[in-house]
Amino acid sequence: MEHYISIMKHTWKIVICCIIFTGLKECQAANLSFPGNFTIGVATSSYQIEGAWNVSDKAESIWDWYTHSYPENIADESNGDIACDSYHKYEEDIQWLKELGVDFYRFSVSWARILPNGFANEVSEDGLQYYKNLTQALIDNGIEPVVTIYHWEHPKILEDLGGWTNELMVTWYADYARVIFEELGPLVKTFVTINEPESYCAVGYNTTYFAPGKELENMGHYICMHNSLKAHATVYHMYDDEYRSTQNGQIGIVAQCYGWVAGDNVTDDSIERYFQFNCGWVMHPIFVGDYPEIMKTRIANISALQGYPFSRLPEFSDDWIEYINGTADFFGLNHYTSRMPVFDSNEDLGIYTIDSGIIASINESWSLGSAAWLHVVPAGFGNLLRMIRDQYNNPPVWVLENGYPDTGESDDYSRISYYYEYITELLTAFQDDGCNVVRYTIWSLLDEFEWTAGYTQLFGIVGVDFDSSDRTRSAKLSTAWWQEVISTRTLQSVPTANSTR
Ligand code: GBH
């Protein structure tokens, strides 16, 4: 209810401005239209949609292994064995993309599907063929392929060798990326090296909640990020040195950054520190150089207090700092939700439990979909975009994921309302505050396997019947809404239960 009220408020602002300044139609277009060169797309990831987990010579990935070994860790004890079966149904998926009218489709490649040994000593012809077919079919239909090289699922064998805690992963990842540049590069102009390293590092290497499920001494996540950043930079330079001149594409990384809004005890300093420990952990090394100062000093100090002879945050050599700095052609941003960051008052008592020293609090009145972490707080998105503008010299921002989970209902009014409010924030940040946002990506095309939440949190703008053997797809209200938004390049009003049926 609350966000309907805020939409109403916003609409009235526009109406009033329109009456005063120009004709209603023109003014609305100026406020709620996407800029001319803006592109709109939709995203998915391999493990979440493909299924066909053991087809042909595909290897077991860490998510195959994790869901099969610990079904009790998944909300509905499910897995991605079949998921949306997009491995077999990609042509139908492309028809949906075409009907939606999107400019691009962001999908990811499964490492285990194209390198069955994990290493580049053997390349799967079938695996490669799948991605070549998908890529070619997208191009034939006028849809730009945006390829994520790594979206959280490496072959299990590499995890047995330490996964992202082993620095050799940098080389293994680069070998894998080279296969993709060689084989798909001639058709693909846009690459994302790694999706949200902070997610799989923090949740996969410091808790048991995500694959590989390793709780590693409150430092596994830092080591994981250290190696992930090195891997990203290595592959960026490889593209730059060997492929850019012939393939002419763009390449970067994406982080999931939380936003924030004002609240009791939320200060400029608490916001700054929250931002640096979240977004800055990934992006400061790439857009400024090295980890944020506040991370380095706090983690070193707390590590010393805990008796470690070293900081749990690894140090980059000067060479690595320089090598990683500047390795992005765009600022890849996944954004969903916000918090009210406040300083942890336990520190006044000399108790240091969280390296950031920040409690990310929420307001109980914020509305939720089906995921407890995802509160609808559109204003936080604008704050985040302005912070990115200020911290990183206004880089071109590609929003590569944004979306809302429910339980799969086709009358998905709340999803449409979420999109309306969040994109209004985005357009305002662009028009009024000069934020250089140039792409927007809907998460997600399909209802799909949502990691530890299984099929209990569904983000699709197209539904999937997981009880039907052929995983029948069907339109939701948001399918038609997005069609209209994309074809008119203008936000459409949010339907209400009474107005549509
Ligand atoms: C993105 O992650 C992913 O890129 C995508 O695959 C995913 O489907 C999508 O968003 C929607 O979730 O339960 O409190 O431990 C978003 C970042 C990181 C958010 C892990 C949920 C677990 C929170 N996610 N996090 S909690």
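The views below show a predicted model.

View 1. His151 places a polar side-chain atom 2.9 Å from a ligand oxygen atom. For Glu196, the distance from a polar side-chain atom to an oxygen atom of the ligand is 2.9 Å. Tyr336 has a polar side-chain atom 3.1 Å from an oxygen atom of the ligand. The ligand taken alone exposes 580 Å², of which the protein buries 82%.

**View 2. The open sheet β6-β8-β9.** This sheet has three strands in the order β6-β8-β9, with mixed pairing. Its edge strands, β6 (259-260) and β9 (358-361), each pair on one side only. Two bridges link β6 to β8 (residues 338-343) in the parallel sense; Gly259 has Ser338 in β8 as its bridge partner. β8 and β9 run antiparallel and are joined by four bridges. Here Pro341 has Ala360 in β9 as its bridge partner.

**View 3. Helix α12 and the cover of β8.** Helix α12 (residues 268-287) lies across β6, β8 and β9. The helix runs at about 115 degrees to β8. A residue counts as buried when its relative accessible area is under 20%. Five of the six residues of β8 are buried, so the strand is largely enclosed by the rest of the structure.

**View 4. The loop between α10 and α11.** Pro212 lies in the loop between α10 (197-204) and α11 (220-247). The peptide bond leading from Ala211 to Pro212 is cis, and its omega is near 0 degrees. Glu217 is also placed in the loop between α10 and α11. Although Glu217 is not a glycine, its phi is positive, at about 55 degrees. Glu217 counts as exposed because its relative accessibility is 58%, and the threshold for exposed is over 50%.

**View 5. The loop between α12 and α13.** Asp290 is found in the loop between α12 and α13 (293-305). Asp290 is a residue other than glycine with a positive phi, near 70 degrees. With a relative accessibility of 12%, Asp290 counts as buried.

**View 6. The cis peptide bond at Ser444.** Ser444 is in the loop between β11 (437-443) and β12 (462-464). The peptide bond from Trp443 to Ser444 is cis, with omega near 15 degrees.

Notes
Residues are numbered from 1 along each chain as its sequence is written. This is a predicted model: local features need pLDDT of at least 70, side-chain atom pairs count only at pLDDT 80 or more; totals for chains, interfaces and linings use all residues. Side-chain values use heavy atoms; hydrogens and water are left out. Two strands pair if DSSP finds at least two bridges between them. Contact means heavy atoms within 4.5 Å. Axes are lines fitted to C-alpha atoms, for helices over the stretch in contact, and angles run from 0 to 180 degrees between N-to-C directions. A polar contact is a pair of N or O atoms within 3.5 Å; within protein, one must be able to donate a hydrogen and the other to accept it, and residues adjacent in sequence count only if both atoms are side-chain atoms. Accessible areas come from the Shrake-Rupley method with a 1.4 Å probe; for residues, only the protein chains shown count as cover. Buried means under 20% relative accessible area, exposed over 50%, partly exposed in between (1.4 Å probe, protein chains only).
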